[in-house]
Amino acid sequence: VGNTGNAEHTAPHLHFGIYTSGGAIDPFPFVDPVIKDPEDISANTNTAGRRMRVSLAKTPVFSEPRIKAAPLAQLTKNTIVMVEGAHATWYRVLLPDGSRGYINNKSVMEPVPIRSLQLDIASSLLDAPDSTAASKKLLAKGSTVKQLGLFKEFQLIVAEDNTEGWIKL
């Protein structure tokens, strides 16, 4: 970057050029020889920013939105994910442990209650699926809760007062 030669009276800048025996040619095709149109997004973009549940028994999480990308994890049915965005037929998801990846948009559904459970022991309703997470409240033995999904050894539930949180299995 500079303003030397025939550019001495201009602001500092970068001059990039390609010259042939016929003179200067446009360098842009050499910098970006293929300009691709973005793929159409067929995934539901209304799910961005929403919690969803994996609907298939085995759902691979990939490092990139393509089937031949490196697999990062294998999710089981009812695993909870947060959809961050969409690309073609893929969702970029955030897992409850903070890891991210891409899953096929057809492998998730709304986290409607799976079943009702009656707690056989008192349980702390946690803010995250982590034993060290903050406790929102203590659920008494015999409380009825609705299960929304899973992550590892934790269940995402809705308590009788509609408070959502995680309990350990």
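This is a predicted model: local features need pLDDT of at least 70, side-chain atom pairs count only at pLDDT 80 or more; totals for chains, interfaces and linings use all residues.
**Notebook: salt bridges, a pocket and a patch**

I started with Arg 92, which counts as partly exposed at 34% relative accessibility (buried is under 20% relative accessible area, exposed over 50%, partly exposed in between, with a 1.4 Å probe and protein chains only). Residues are numbered from 1 along each chain as its sequence is written, and side-chain values use heavy atoms, with hydrogens and water left out.

What does Arg 92 pair with? I found a salt bridge to Glu 84, with the closest N and O atoms 2.9 Å apart (a side-chain nitrogen of Lys or Arg within 4 Å of a carboxyl oxygen of Asp or Glu). Glu 84 is partly exposed too, at 31%. Glu 84 also meets Arg 100 in a salt bridge, 2.9 Å from N to O. Glu 84 sits in strand β6 and Arg 100 in strand β8 (residues 100-104), so this pair ties together parts 16 residues apart in sequence (strands are DSSP runs of E, at least two residues, and helices are runs of H or I, at least four, numbered from the N terminus). Shared partners join Glu 84, Arg 92 and Arg 100 into one network.

**Entry: a link across the chain**

I counted seven salt bridges in the structure. One of them joins the side chains of Arg 50 and Glu 110 at 2.1 Å, N to O. Arg 50 is in the loop between α1 (28-31) and β3 (51-54), and Glu 110 in the loop between β9 (108-109) and β10 (115-118), 60 residues apart.

**Entry: the largest pocket**

Which residues line the largest pocket? I noted Arg 51, Ile 80, Val 81, Met 82, Leu 94, Leu 95, Pro 96, Asp 127, Ala 128, Pro 129 and Trp 166. On a 1 Å grid over the protein atoms alone, where a 1.4 Å probe fits, a pocket is an open set of points with protein on both sides within 12 Å along at least five of seven lines, and lining residues have an atom within 4 Å of a point. Strand β6 (residues 80-87) gives the largest share of the lining, three residues.

**Entry: Phe 16**

Is Phe 16 buried or exposed? I read a relative accessible area of 51%, so Phe 16 is exposed. Phe 16 lies in the segment before β1 (18-20).
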